[in-house]
Amino acid sequence: MQNRIKIRRRGKRRYYAIEIPLQYRDAGEPRTEVMASSREELAQKYEKEIAGRRQALDRNGGKKSLKEFLENDFLPFYKNEVETQTWCDYRIQIETHVVPFIGTLRVDELTTRHIDQWILSLRSVVSKRTQRTLSDRTVDYALAVLRRALQFAVDWRYVPMNPASARVRVAKRRRKVKVSPLRFLTPEQSKKLMEVVAGDRYEALYLLALVTGMREGELFGLKWSDLDFSRSRLTVNHSLAHTKRRKGEPGERFSLKGPKTMGSRRTIEIPDISVAALQRHVKRQEEEKHAAGDAWKEDDFVFTSKRGTPLDPGNALHRFQNLLKTHGLPKVRFYDLRHTHASLLIAEGVHAKKIAERLGHSSIKLTMDTYGHLFDGSDRESAERMDRLFAPPVVQPISDGRERTGGAKILLFRKPVLGVHADTNADTTKNPLAGISVSD
(Lines give C-alpha, C1' and ligand atoms only; values in the text may rest on other atoms or scores of the structure.)
Protein backbone atom coordinates (compact mmCIF):
# COMPACT_ATOMS: atom_id res chain seq x y z
CA MET A 1 0.00 0.00 0.00
CA GLN A 2 1.50 3.29 -1.05
CA ASN A 3 -0.96 5.46 0.90
CA ARG A 4 -0.41 6.03 4.59
CA ILE A 5 -2.44 3.96 7.03
CA LYS A 6 -4.45 6.11 9.42
CA ILE A 7 -5.80 5.20 12.81
CA ARG A 8 -9.43 6.06 13.58
CA ARG A 9 -11.10 5.77 16.94
CA ARG A 10 -14.76 5.12 17.75
CA GLY A 11 -15.12 5.16 21.49
CA LYS A 12 -12.61 2.77 22.95
CA ARG A 13 -12.26 0.81 19.69
CA ARG A 14 -9.46 1.58 17.25
CA TYR A 15 -9.74 1.12 13.49
CA TYR A 16 -7.20 1.19 10.70
CA ALA A 17 -8.08 3.14 7.57
CA ILE A 18 -6.55 3.90 4.19
CA GLU A 19 -7.74 6.26 1.52
CA ILE A 20 -8.58 5.11 -2.01
CA PRO A 21 -6.14 6.78 -4.46
CA LEU A 22 -7.58 9.48 -6.71
CA GLN A 23 -6.95 7.49 -9.91
CA TYR A 24 -9.33 4.77 -8.74
CA ARG A 25 -12.21 7.11 -7.88
CA ASP A 26 -15.14 7.96 -10.14
CA ALA A 27 -15.55 11.50 -11.40
CA GLY A 28 -16.94 13.64 -8.61
CA GLU A 29 -16.56 10.87 -6.01
CA PRO A 30 -15.55 12.28 -2.60
CA ARG A 31 -12.67 10.89 -0.59
CA THR A 32 -13.31 7.27 0.27
CA GLU A 33 -11.58 5.18 2.90
CA VAL A 34 -11.36 1.45 3.52
CA MET A 35 -11.55 0.57 7.22
CA ALA A 36 -10.83 -2.59 9.19
CA SER A 37 -10.16 -3.66 12.75
CA SER A 38 -6.67 -5.03 11.98
CA ARG A 39 -3.86 -4.35 9.56
CA GLU A 40 -4.22 -7.80 7.98
CA GLU A 41 -7.94 -7.35 7.37
CA LEU A 42 -7.31 -3.86 6.02
CA ALA A 43 -4.79 -5.19 3.50
CA GLN A 44 -7.26 -7.78 2.24
CA LYS A 45 -10.16 -5.33 1.95
CA TYR A 46 -7.97 -2.70 0.27
CA GLU A 47 -6.67 -5.15 -2.34
CA LYS A 48 -10.20 -6.37 -3.06
CA GLU A 49 -11.50 -2.81 -3.42
CA ILE A 50 -8.70 -1.77 -5.75
CA ALA A 51 -9.07 -4.94 -7.84
CA GLY A 52 -12.78 -4.21 -8.23
CA ARG A 53 -12.15 -0.62 -9.25
CA ARG A 54 -9.53 -1.70 -11.78
CA GLN A 55 -12.09 -4.01 -13.36
CA ALA A 56 -14.67 -1.21 -13.39
CA LEU A 57 -17.11 -3.15 -11.23
CA ASP A 58 -20.55 -1.80 -10.44
CA ARG A 59 -19.92 -1.12 -6.77
CA ASN A 60 -23.53 -0.10 -6.11
CA GLY A 61 -24.69 -3.43 -7.45
CA GLY A 62 -22.17 -5.27 -5.31
CA LYS A 63 -23.38 -3.47 -2.18
CA LYS A 64 -26.87 -4.92 -2.56
CA SER A 65 -27.88 -7.66 -0.16
CA LEU A 66 -28.14 -11.12 -1.67
CA LYS A 67 -31.90 -11.05 -1.02
CA GLU A 68 -32.27 -7.75 -2.88
CA PHE A 69 -30.14 -8.95 -5.79
CA LEU A 70 -31.99 -12.26 -6.17
CA GLU A 71 -35.53 -10.89 -5.82
CA ASN A 72 -35.15 -7.55 -7.62
CA ASP A 73 -32.44 -8.24 -10.19
CA PHE A 74 -32.00 -11.91 -10.96
CA LEU A 75 -35.55 -13.34 -10.83
CA PRO A 76 -37.24 -10.56 -12.85
CA PHE A 77 -34.60 -10.84 -15.58
CA TYR A 78 -34.43 -14.65 -15.56
CA LYS A 79 -38.22 -14.90 -15.96
CA ASN A 80 -37.86 -14.25 -19.68
CA GLU A 81 -34.95 -16.65 -20.12
CA VAL A 82 -36.49 -20.01 -19.13
CA GLU A 83 -39.78 -21.92 -19.03
CA THR A 84 -42.27 -20.73 -16.43
CA GLN A 85 -42.07 -24.01 -14.52
CA THR A 86 -38.28 -23.75 -14.26
CA TRP A 87 -38.50 -20.12 -13.12
CA CYS A 88 -41.00 -21.05 -10.41
CA ASP A 89 -38.68 -23.85 -9.24
CA TYR A 90 -35.85 -21.31 -8.96
CA ARG A 91 -38.05 -18.90 -7.02
CA ILE A 92 -39.06 -21.64 -4.57
CA GLN A 93 -35.42 -22.58 -3.96
CA ILE A 94 -34.40 -18.94 -3.43
CA GLU A 95 -37.26 -18.18 -1.04
CA THR A 96 -36.99 -21.46 0.88
CA HIS A 97 -33.32 -22.42 0.96
CA VAL A 98 -31.22 -19.33 0.15
CA VAL A 99 -32.68 -16.08 1.46
CA PRO A 100 -33.55 -17.32 5.00
CA PHE A 101 -29.92 -18.35 5.54
CA ILE A 102 -27.62 -15.89 3.75
CA GLY A 103 -30.00 -13.31 2.28
CA THR A 104 -28.71 -10.47 4.47
CA LEU A 105 -25.09 -10.73 3.25
CA ARG A 106 -23.89 -8.24 0.66
CA VAL A 107 -23.20 -9.69 -2.78
CA ASP A 108 -19.62 -8.37 -2.82
CA GLU A 109 -18.99 -9.83 0.65
CA LEU A 110 -19.94 -13.39 -0.21
CA THR A 111 -17.01 -15.80 -0.02
CA THR A 112 -16.56 -19.48 -0.68
CA ARG A 113 -16.52 -20.01 3.07
CA HIS A 114 -19.98 -18.46 3.34
CA ILE A 115 -21.17 -20.90 0.68
CA ASP A 116 -19.64 -23.85 2.55
CA GLN A 117 -21.28 -22.84 5.82
CA TRP A 118 -24.60 -22.37 4.05
CA ILE A 119 -24.41 -25.88 2.55
CA LEU A 120 -23.70 -27.35 6.00
CA SER A 121 -26.71 -25.50 7.37
CA LEU A 122 -28.95 -26.86 4.61
CA ARG A 123 -27.93 -30.44 5.34
CA SER A 124 -29.29 -30.12 8.87
CA VAL A 125 -32.64 -28.61 7.85
CA VAL A 126 -35.69 -30.81 8.48
CA SER A 127 -38.34 -30.64 5.76
CA LYS A 128 -41.82 -29.74 6.99
CA ARG A 129 -43.36 -32.01 4.36
CA THR A 130 -41.31 -35.18 4.90
CA GLN A 131 -40.09 -34.56 8.47
CA ARG A 132 -36.63 -35.62 7.32
CA THR A 133 -33.42 -33.76 6.56
CA LEU A 134 -33.07 -32.41 3.04
CA SER A 135 -31.81 -34.90 0.50
CA ASP A 136 -28.48 -34.48 -1.27
CA ARG A 137 -30.37 -33.82 -4.48
CA THR A 138 -32.30 -30.91 -2.93
CA VAL A 139 -29.13 -29.37 -1.50
CA ASP A 140 -27.31 -29.75 -4.81
CA TYR A 141 -30.22 -28.14 -6.66
CA ALA A 142 -30.26 -25.17 -4.26
CA LEU A 143 -26.51 -24.76 -4.81
CA ALA A 144 -27.00 -24.91 -8.59
CA VAL A 145 -29.62 -22.17 -8.42
CA LEU A 146 -27.37 -19.89 -6.34
CA ARG A 147 -24.40 -20.60 -8.59
CA ARG A 148 -26.43 -19.66 -11.67
CA ALA A 149 -27.69 -16.45 -10.03
CA LEU A 150 -24.23 -15.35 -8.90
CA GLN A 151 -22.88 -15.94 -12.39
CA PHE A 152 -25.26 -13.20 -13.51
CA ALA A 153 -23.74 -10.97 -10.81
CA VAL A 154 -20.32 -11.66 -12.38
CA ASP A 155 -21.62 -10.96 -15.91
CA TRP A 156 -23.20 -7.71 -14.71
CA ARG A 157 -19.87 -6.80 -13.04
CA TYR A 158 -21.30 -6.67 -9.55
CA VAL A 159 -18.50 -8.96 -8.35
CA PRO A 160 -15.23 -10.10 -9.97
CA MET A 161 -15.75 -13.84 -9.36
CA ASN A 162 -18.44 -16.35 -8.49
CA PRO A 163 -17.90 -17.61 -4.92
CA ALA A 164 -20.23 -20.59 -5.51
CA SER A 165 -18.42 -21.95 -8.59
CA ALA A 166 -15.66 -23.52 -6.49
CA ARG A 167 -18.23 -25.84 -4.97
CA VAL A 168 -19.09 -27.62 -8.23
CA ARG A 169 -16.45 -30.34 -7.84
CA VAL A 170 -17.25 -30.78 -4.14
CA ALA A 171 -20.95 -31.26 -4.86
CA LYS A 172 -20.23 -33.88 -7.51
CA ARG A 173 -17.65 -35.68 -5.39
CA ARG A 174 -19.90 -35.85 -2.35
CA ARG A 175 -22.94 -37.08 -4.25
CA LYS A 176 -23.60 -40.68 -3.37
CA VAL A 177 -24.32 -43.17 -6.10
CA LYS A 178 -27.77 -44.45 -5.28
CA VAL A 179 -29.31 -47.12 -7.44
CA SER A 180 -33.03 -46.90 -6.79
CA PRO A 181 -34.82 -50.05 -7.92
CA LEU A 182 -37.42 -49.48 -10.58
CA ARG A 183 -40.97 -49.98 -9.47
CA PHE A 184 -43.43 -51.44 -11.92
CA LEU A 185 -46.45 -53.71 -12.05
CA THR A 186 -46.21 -57.34 -13.10
CA PRO A 187 -48.27 -58.57 -16.08
CA GLU A 188 -50.87 -60.02 -13.68
CA GLN A 189 -51.06 -56.76 -11.70
CA SER A 190 -51.30 -54.79 -14.95
CA LYS A 191 -54.28 -56.87 -16.05
CA LYS A 192 -55.94 -56.32 -12.69
CA LEU A 193 -55.36 -52.56 -12.99
CA MET A 194 -57.12 -52.59 -16.37
CA GLU A 195 -60.08 -54.31 -14.72
CA VAL A 196 -60.37 -51.92 -11.75
CA VAL A 197 -60.18 -48.73 -13.86
CA ALA A 198 -62.96 -49.88 -16.19
CA GLY A 199 -65.74 -47.29 -16.11
CA ASP A 200 -63.66 -44.72 -14.18
CA ARG A 201 -63.70 -41.13 -15.40
CA TYR A 202 -59.94 -41.37 -16.01
CA GLU A 203 -60.02 -44.90 -17.45
CA ALA A 204 -58.58 -43.81 -20.81
CA LEU A 205 -55.81 -41.84 -19.10
CA TYR A 206 -54.63 -44.75 -16.94
CA LEU A 207 -54.95 -47.23 -19.77
CA LEU A 208 -53.09 -45.03 -22.24
CA ALA A 209 -50.24 -44.56 -19.73
CA LEU A 210 -49.98 -48.33 -19.33
CA VAL A 211 -50.04 -49.29 -23.01
CA THR A 212 -47.96 -46.42 -24.45
CA GLY A 213 -45.46 -45.46 -21.72
CA MET A 214 -46.08 -41.75 -22.36
CA ARG A 215 -44.84 -39.21 -19.82
CA GLU A 216 -47.33 -37.47 -17.53
CA GLY A 217 -46.98 -34.11 -19.28
CA GLU A 218 -47.43 -35.74 -22.69
CA LEU A 219 -50.65 -37.41 -21.58
CA PHE A 220 -52.12 -34.27 -20.01
CA GLY A 221 -51.09 -32.23 -23.08
CA LEU A 222 -52.63 -34.67 -25.57
CA LYS A 223 -55.18 -33.12 -27.94
CA TRP A 224 -57.89 -34.76 -30.01
CA SER A 225 -56.14 -33.48 -33.14
CA ASP A 226 -53.16 -35.64 -32.18
CA LEU A 227 -55.25 -38.82 -32.45
CA ASP A 228 -55.85 -40.86 -35.60
CA PHE A 229 -58.55 -43.42 -34.77
CA SER A 230 -58.62 -44.85 -38.31
CA ARG A 231 -54.97 -45.92 -38.05
CA SER A 232 -54.93 -46.58 -34.28
CA ARG A 233 -52.10 -44.17 -33.59
CA LEU A 234 -51.36 -40.89 -31.88
CA THR A 235 -48.65 -38.24 -32.21
CA VAL A 236 -46.91 -36.61 -29.27
CA ASN A 237 -46.74 -32.91 -30.09
CA HIS A 238 -47.15 -31.21 -26.71
CA SER A 239 -46.41 -31.47 -23.02
CA LEU A 240 -48.48 -29.77 -20.31
CA ALA A 241 -46.54 -28.36 -17.37
CA HIS A 242 -47.79 -27.02 -14.04
CA THR A 243 -46.40 -23.51 -13.55
CA LYS A 244 -46.42 -23.66 -9.71
CA ARG A 245 -47.77 -20.15 -9.39
CA ARG A 246 -48.86 -18.89 -6.00
CA LYS A 247 -52.54 -18.80 -5.19
CA GLY A 248 -53.99 -15.58 -6.56
CA GLU A 249 -50.91 -14.79 -8.63
CA PRO A 250 -51.79 -13.61 -12.17
CA GLY A 251 -51.07 -15.84 -15.11
CA GLU A 252 -52.00 -19.32 -16.31
CA ARG A 253 -51.62 -22.26 -13.95
CA PHE A 254 -50.51 -24.49 -16.84
CA SER A 255 -48.24 -23.98 -19.81
CA LEU A 256 -48.30 -25.99 -23.02
CA LYS A 257 -44.89 -26.51 -24.56
CA GLY A 258 -43.12 -28.83 -26.95
CA PRO A 259 -41.98 -32.34 -25.96
CA LYS A 260 -38.95 -32.84 -23.73
CA THR A 261 -36.46 -33.68 -26.51
CA MET A 262 -36.43 -34.02 -30.28
CA GLY A 263 -36.85 -37.78 -29.82
CA SER A 264 -39.93 -37.14 -27.70
CA ARG A 265 -41.87 -35.85 -30.71
CA ARG A 266 -43.02 -39.20 -32.02
CA THR A 267 -45.93 -41.23 -33.38
CA ILE A 268 -47.10 -44.19 -31.30
CA GLU A 269 -49.19 -47.13 -32.44
CA ILE A 270 -51.89 -47.85 -29.86
CA PRO A 271 -53.68 -51.16 -29.23
CA ASP A 272 -57.39 -51.66 -29.85
CA ILE A 273 -58.20 -51.69 -26.13
CA SER A 274 -56.96 -48.12 -25.76
CA VAL A 275 -58.83 -47.03 -28.89
CA ALA A 276 -62.04 -48.41 -27.38
CA ALA A 277 -61.36 -46.64 -24.08
CA LEU A 278 -60.76 -43.35 -25.90
CA GLN A 279 -63.99 -43.72 -27.83
CA ARG A 280 -65.87 -44.18 -24.55
CA HIS A 281 -64.02 -41.12 -23.25
CA VAL A 282 -65.29 -39.08 -26.22
CA LYS A 283 -68.90 -39.86 -25.27
CA ARG A 284 -68.27 -39.02 -21.61
CA GLN A 285 -66.68 -35.70 -22.54
CA GLU A 286 -69.60 -34.82 -24.83
CA GLU A 287 -71.98 -35.37 -21.91
CA GLU A 288 -69.87 -33.12 -19.67
CA LYS A 289 -69.71 -30.46 -22.38
CA HIS A 290 -73.49 -30.51 -22.69
CA ALA A 291 -73.88 -30.24 -18.89
CA ALA A 292 -71.40 -27.33 -18.64
CA GLY A 293 -73.10 -25.30 -21.39
CA ASP A 294 -71.56 -21.86 -21.88
CA ALA A 295 -69.05 -22.49 -19.07
CA TRP A 296 -67.24 -25.05 -21.25
CA LYS A 297 -63.86 -23.89 -22.54
CA GLU A 298 -62.94 -25.55 -25.82
CA ASP A 299 -59.17 -26.16 -25.98
CA ASP A 300 -59.24 -29.53 -27.77
CA PHE A 301 -57.60 -31.33 -24.82
CA VAL A 302 -58.37 -35.04 -24.47
CA PHE A 303 -58.23 -35.02 -20.67
CA THR A 304 -59.97 -32.03 -19.12
CA SER A 305 -61.86 -30.84 -16.09
CA LYS A 306 -65.66 -30.81 -16.20
CA ARG A 307 -65.45 -27.31 -17.70
CA GLY A 308 -63.03 -28.16 -20.52
CA THR A 309 -59.97 -26.59 -18.91
CA PRO A 310 -56.67 -28.53 -18.70
CA LEU A 311 -56.92 -31.36 -16.20
CA ASP A 312 -55.19 -30.73 -12.87
CA PRO A 313 -52.67 -33.63 -12.65
CA GLY A 314 -53.08 -33.78 -8.86
CA ASN A 315 -56.74 -34.83 -9.11
CA ALA A 316 -56.06 -37.72 -11.48
CA LEU A 317 -52.93 -38.87 -9.63
CA HIS A 318 -54.62 -38.91 -6.20
CA ARG A 319 -57.46 -40.91 -7.66
CA PHE A 320 -54.95 -43.34 -9.16
CA GLN A 321 -53.35 -43.91 -5.74
CA ASN A 322 -56.77 -44.51 -4.15
CA LEU A 323 -57.60 -47.13 -6.79
CA LEU A 324 -54.37 -48.99 -6.09
CA LYS A 325 -54.99 -48.95 -2.33
CA THR A 326 -58.64 -49.94 -2.59
CA HIS A 327 -57.98 -52.95 -4.81
CA GLY A 328 -54.84 -54.22 -3.08
CA LEU A 329 -52.37 -53.31 -5.82
CA PRO A 330 -48.79 -52.25 -4.96
CA LYS A 331 -48.24 -48.56 -4.26
CA VAL A 332 -46.52 -47.14 -7.32
CA ARG A 333 -46.27 -43.67 -8.79
CA PHE A 334 -48.22 -42.74 -11.88
CA TYR A 335 -44.84 -42.36 -13.62
CA ASP A 336 -44.15 -46.02 -12.80
CA LEU A 337 -46.74 -46.98 -15.41
CA ARG A 338 -44.09 -45.83 -17.90
CA HIS A 339 -41.63 -48.26 -16.32
CA THR A 340 -44.32 -50.93 -16.35
CA HIS A 341 -44.85 -50.45 -20.09
CA ALA A 342 -41.12 -50.82 -20.75
CA SER A 343 -40.88 -53.96 -18.59
CA LEU A 344 -43.84 -55.55 -20.38
CA LEU A 345 -42.25 -54.91 -23.78
CA ILE A 346 -38.95 -56.39 -22.59
CA ALA A 347 -40.77 -59.49 -21.29
CA GLU A 348 -42.37 -59.88 -24.72
CA GLY A 349 -38.97 -59.76 -26.43
CA VAL A 350 -39.27 -56.35 -28.11
CA HIS A 351 -35.90 -54.95 -29.23
CA ALA A 352 -34.39 -52.17 -27.10
CA LYS A 353 -34.22 -49.83 -30.11
CA LYS A 354 -37.98 -50.06 -30.61
CA ILE A 355 -38.59 -49.53 -26.91
CA ALA A 356 -36.42 -46.39 -26.98
CA GLU A 357 -38.40 -45.01 -29.93
CA ARG A 358 -41.72 -45.77 -28.25
CA LEU A 359 -40.70 -44.12 -24.97
CA GLY A 360 -39.24 -41.09 -26.73
CA HIS A 361 -35.73 -41.55 -25.35
CA SER A 362 -33.02 -39.43 -26.92
CA SER A 363 -30.88 -42.54 -27.49
CA ILE A 364 -30.89 -46.29 -26.95
CA LYS A 365 -28.14 -45.75 -24.36
CA LEU A 366 -30.64 -44.08 -22.03
CA THR A 367 -32.99 -47.04 -22.46
CA MET A 368 -30.28 -49.57 -21.67
CA ASP A 369 -28.97 -47.54 -18.72
CA THR A 370 -32.49 -47.51 -17.28
CA TYR A 371 -33.80 -50.95 -18.17
CA GLY A 372 -30.71 -52.94 -19.12
CA HIS A 373 -30.89 -55.16 -16.02
CA LEU A 374 -34.31 -56.40 -17.15
CA PHE A 375 -32.67 -58.02 -20.19
CA ASP A 376 -30.91 -60.63 -18.00
CA GLY A 377 -32.91 -63.43 -19.55
CA SER A 378 -31.49 -62.74 -22.98
CA ASP A 379 -27.97 -62.88 -21.50
CA ARG A 380 -28.68 -66.39 -20.14
CA GLU A 381 -29.89 -67.39 -23.57
CA SER A 382 -26.63 -66.12 -25.08
CA ALA A 383 -24.61 -68.30 -22.70
CA GLU A 384 -26.70 -71.36 -23.59
CA ARG A 385 -26.18 -70.71 -27.29
CA MET A 386 -22.40 -70.65 -26.72
CA ASP A 387 -22.65 -73.98 -24.89
CA ARG A 388 -24.47 -75.56 -27.81
CA LEU A 389 -21.96 -74.15 -30.27
CA PHE A 390 -18.68 -74.97 -28.53
CA ALA A 391 -19.50 -77.91 -26.23
CA PRO A 392 -16.99 -80.80 -26.65
CA PRO A 393 -18.25 -84.27 -27.69
CA VAL A 394 -19.46 -86.35 -24.74
CA VAL A 395 -19.97 -90.07 -24.27
CA GLN A 396 -23.63 -91.05 -23.98
CA PRO A 397 -24.79 -94.51 -22.76
CA ILE A 398 -27.28 -96.42 -24.92
CA SER A 399 -29.67 -99.21 -24.01
CA ASP A 400 -27.60 -102.21 -25.29
CA GLY A 401 -24.59 -101.38 -23.12
CA ARG A 402 -22.55 -99.87 -25.93
CA GLU A 403 -21.31 -96.28 -26.02
CA ARG A 404 -21.66 -93.68 -28.72
CA THR A 405 -20.13 -90.24 -29.25
CA GLY A 406 -22.47 -87.24 -29.36
CA GLY A 407 -21.88 -83.94 -31.06
CA ALA A 408 -23.14 -80.75 -29.52
CA LYS A 409 -25.84 -82.57 -27.53
CA ILE A 410 -24.95 -82.62 -23.83
CA LEU A 411 -25.95 -85.32 -21.33
CA LEU A 412 -26.06 -83.92 -17.81
CA PHE A 413 -25.56 -86.26 -14.82
CA ARG A 414 -26.60 -85.36 -11.30
CA LYS A 415 -23.55 -84.67 -9.16
CA PRO A 416 -23.24 -86.99 -6.12
CA VAL A 417 -23.35 -85.40 -2.69
CA LEU A 418 -20.05 -85.92 -0.87
CA GLY A 419 -20.36 -88.22 2.15
CA VAL A 420 -23.86 -89.45 1.26
CA HIS A 421 -24.55 -93.01 0.03
CA ALA A 422 -27.80 -94.51 -1.13
CA ASP A 423 -29.06 -98.06 -0.55
CA THR A 424 -31.02 -98.95 -3.66
CA ASN A 425 -32.68 -101.93 -1.93
CA ALA A 426 -34.21 -99.82 0.83
CA ASP A 427 -37.97 -99.44 1.00
CA THR A 428 -38.78 -95.76 0.59
CA THR A 429 -42.55 -96.01 0.28
CA LYS A 430 -43.07 -95.24 3.99
CA ASN A 431 -39.95 -93.31 4.80
CA PRO A 432 -38.44 -91.25 1.96
CA LEU A 433 -35.17 -91.04 3.91
CA ALA A 434 -34.78 -94.80 4.29
CA GLY A 435 -31.55 -96.19 2.90
CA ILE A 436 -29.63 -92.93 3.25
CA SER A 437 -26.58 -93.05 5.49
CA VAL A 438 -24.06 -90.30 6.15
CA SER A 439 -20.39 -91.22 6.31
CA ASP A 440 -17.70 -89.45 8.30
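In this predicted model, E203 forms a salt bridge with R280, and the closest N and O atoms are 2.6 Å apart. The pair links distant parts of the chain. E203 belongs to helix α9 and R280 to helix α11, 77 residues apart. E203 has a relative accessibility of 6% and therefore counts as buried, since the cut-off is under 20%. R280, at 39%, counts as partly exposed.

A search of the whole structure finds 21 salt bridges. Among them is the pair E288 and R201, whose side chains meet at 2.8 Å, N to O. E288 lies in helix α11, whereas R201 lies in the loop between α8 (187–196) and α9 (203–212), so this pair ties together parts that are 87 residues apart in sequence. E288 counts as buried, at 14% relative accessibility. R201 also counts as buried, at 14%.

A further salt bridge joins the side chains of R333 and D336 (2.8 Å, N to O). R333 is partly exposed, with a relative accessible area of 40%. D336 is buried, at 0% relative accessibility.

The open sheet is formed by 3 strands in the order β1-β2-β3, with antiparallel pairing. β1 (6–10) and β3 (33–36) stand at the edges. Each has a single partner strand, so one side of each is left without a neighbour in the sheet. From one strand to the next, the twist averages 35 degrees. β1 and β2 (residues 13–19) run antiparallel and are joined by 5 bridges. Helix α1 (residues 39–54) lies across β2 and β3 and runs at about 145 degrees to β3.

Helices α3 (residues 66–78) and α6 (residues 136–155) have axes that come within 10 Å and cross at roughly 85 degrees. The two helices are therefore roughly perpendicular to each other. On the α3 side, the contact is made by L66, F69, L70, F74, F77 and Y78. On the α6 side, L146, R148, A149, L150, F152 and A153 take part. The residues of this contact divide into 11 nonpolar, no polar and 1 charged.

A295 lies in the loop between α11 (272–292) and α12 (313–326). A295 is partly exposed, with a relative accessible area of 44%. A295 and K306 are 11 residues apart in sequence, and their C-alpha atoms are 9.4 Å apart in space.

Definitions and conventions:
Residues numbered from 1 in each chain as written. Predicted model: local features only at pLDDT ≥ 70, side-chain atom pairs only at ≥ 80, totals over all residues. Heavy atoms only, no water. Pairing = 2+ DSSP bridges. Helix = DSSP H or I, 4+ residues; strand = E, 2+ residues; numbered from the N terminus. Axes fitted to C-alpha atoms, helices over the stretch in contact; angles between N-to-C directions. Contact = heavy atoms within 4.5 Å. Parallel < 35°, antiparallel > 145°, perpendicular 65-115°, else oblique. Nonpolar A, V, L, I, M, F, W, Y, C, P; charged D, E, K, R; others polar. Buried < 20%, exposed > 50% of the residue type's maximum accessible area, 1.4 Å probe, protein only. Salt bridge = Lys/Arg side-chain N within 4 Å of Asp/Glu carboxyl O.
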